[in-house]
Amino acid sequence: FQPSVSLDLPKNIHLIITVSLQTSLVIEAKTVEVLPLSFGEFLEFKGIDLKANERWPELYREFITYGGYPEVVAEPVVETKKQLLWQIVDIYLRKDLGDLNLVKDMAKFYRLLRVLAGRGGEILDLMALCREVGLSFPTLVKYLEVMERAFLIERVRPFSRHSGTEISRSQKLYFLDSGLQSILWLNQFQPTILDPVFKTNIFGELVKKIGRESIKFWQTKSGAEVDFVVQKKEGAILAIEAAVNFQRYNQKNFSLFKKRYNPKRWRLIGLEGEKLARNGFYPWEM
């Protein structure tokens with residue numbers, strides 16, 4: 001195989017090049033995975049010295065606000081960043097999906113995308129989505145699969161050993177780029193970092209570091225929850241909470257999880273305020 005194009009990309013960018021394997025009878029297409037930039041790659045892409053950590057709070061806010069699509073990162077004008085994100089959506093919907101004939105009703109698909117952007121990190125109520133968007137259940141499931149295969153969203157399964165009191169089947173949904181979620185949800189970049197957008201960003205960073213299959217969530221039927229639960233091969237559990245402000249985080253939810261599962265480690269990832277002495281981390285410390 002010889003590539004037909006030359007890619008001038010920053011090192012460490014998450015890019016898996018797909019190769020078509022061709023014989024005289026069969027052409028087999030392999031999966032291409034292209035994720036937005038991680039924060040480390042974001043810094044490299046912008047030519048920022050990785051040791052210049054006094055700027056990291058400011059830069060991480062920029063990273064959350066506008067996301068990690070390379071063209072958006074490279075664009076200095078905020079209004080143009082917004083236009084670029086809308087172009088990504090438009091090209092994806094009208095060209096790629098239209099050419100592949102994967103979506104029959106583009107208007108409803110687009111409406112579903114915007115509705116989902118406003119519900120990032122929430123339990124998926126599939127029947128409610130069917131009613132709100134006007135889709136049949138099989139079509140909704142198909143559209144979610146299309147979005148997931150295109151690396152726009154990711155569905156997260158629950159972590160549970162007590163199905164009587166904990167959610168054990170329903171899934172949550174996250175976008176893989178916080179900038180894209182903001183534009184689809186609010187049609188603008190918010191000057192204040194919102195918790196759902198922050199959690200989306202942290203989820204994306206975790207996916208790039210440990211893989212999507214390793215990340216679950218925990219939630220009781222009474223509403224107590226932990227954002228992310230990572231169970232390692234040796235059985236050790238890492239619980240991760242994400243909150244914009246450390247001081248506004250209520251540890252009550254985690255206390256219940258700790259009582260039930262006794263995780264070896266837990267982390268609260270926050271952006272503002274004084275971090276917890278032992279378990280608090282800023283996102284750039286991930």
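Residues are numbered from 1 along each chain as its sequence is written. In this predicted model, local features need pLDDT of at least 70 and side-chain atom pairs count only at pLDDT 80 or more, while totals for chains, interfaces and linings use all residues; side-chain values use heavy atoms, with hydrogens and water left out.

Me: How many helices and strands does the protein chain have?
Reply: Helices (H or I, at least four residues) and strands (E, at least two) are taken as DSSP runs, numbered from the N terminus. On that basis, the secondary structure of the protein chain comes to ten helices and eleven strands.

Me: What percentage of the 286 residues in the protein chain is buried?
Reply: A residue is buried under 20% relative accessible area, exposed over 50%, and partly exposed in between (1.4 Å probe, protein chains only). Of the 286 residues in the protein chain, the buried share is 45%.

Me: Where does Val 115 lie, and which residues does it touch, not counting residues up to four places away in sequence?
Reply: Val 115 belongs to helix H5, residues 106–117. Val 115 counts as buried because its relative accessible area is 13%. With contact meaning heavy atoms within 4.5 Å, and not counting residues up to four places away in sequence, the residues that Val 115 touches are Leu 129, Glu 132 and Val 133.

Me: What distance separates the C-alpha atoms of Val 115 and Trp 185?
Reply: Val 115 and Trp 185 are 70 residues apart along the chain. Their C-alpha atoms are separated by 7.2 Å.

Me: How are helices H6 and H7 oriented to each other?
Reply: Axes are lines fitted to C-alpha atoms, for helices over the stretch in contact, and angles run from 0 to 180 degrees between N-to-C directions. Helix H6 (residues 126–133) and helix H7 (residues 137–149) pack with their axes 10 Å apart, at an angle of about 100 degrees. Angles under 35 degrees count as roughly parallel, over 145 as roughly antiparallel, 65 to 115 as roughly perpendicular and the rest as oblique. H6 and H7 are therefore roughly perpendicular.

Me: Which class do the residues of the contact of H6 with H7 belong to?
Reply: From H6, Leu 126, Met 127, Leu 129 and Cys 130 meet Phe 137, Leu 140 and Leu 144 of H7. Ala, Val, Leu, Ile, Met, Phe, Trp, Tyr, Cys and Pro count as nonpolar, Asp, Glu, Lys and Arg as charged, and the others, Gly among them, as polar. The contact of H6 with H7 has no polar and no charged residues, and seven nonpolar.

Me: How are helices H2 and H8 oriented to each other?
Reply: The axes of helix H2 (residues 56–66) and helix H8 (residues 178–186) are 5 Å apart, and the two helices pack at an angle of about 50 degrees. H2 and H8 are therefore oblique.

Me: How many residues apart in sequence are the parts tied together by Glu 62 and Lys 46?
Reply: A salt bridge is a side-chain nitrogen of Lys or Arg within 4 Å of a carboxyl oxygen of Asp or Glu. Glu 62 and Lys 46 form one through their side chains (3.0 Å, N to O). Because Glu 62 lies in helix H2 and Lys 46 in the loop between helix H1 (39–45) and H2, the pair ties together parts separated in sequence by 16 residues.

Me: Are Glu 205 and Lys 208 buried or exposed?
Reply: The side chains of Glu 205 and Lys 208 meet in a salt bridge (3.3 Å, N to O). Being three residues apart in helix H9, they are separated by about one helical turn. Glu 205 has 5% relative accessibility and Lys 208 has a relative accessible area of 14%, so both are buried.

Me: What is the phi of Phe 151?
Reply: Phe 151 is found in the loop between H7 and S5. Phe 151 is not a glycine, yet its phi is positive, at about 60 degrees.
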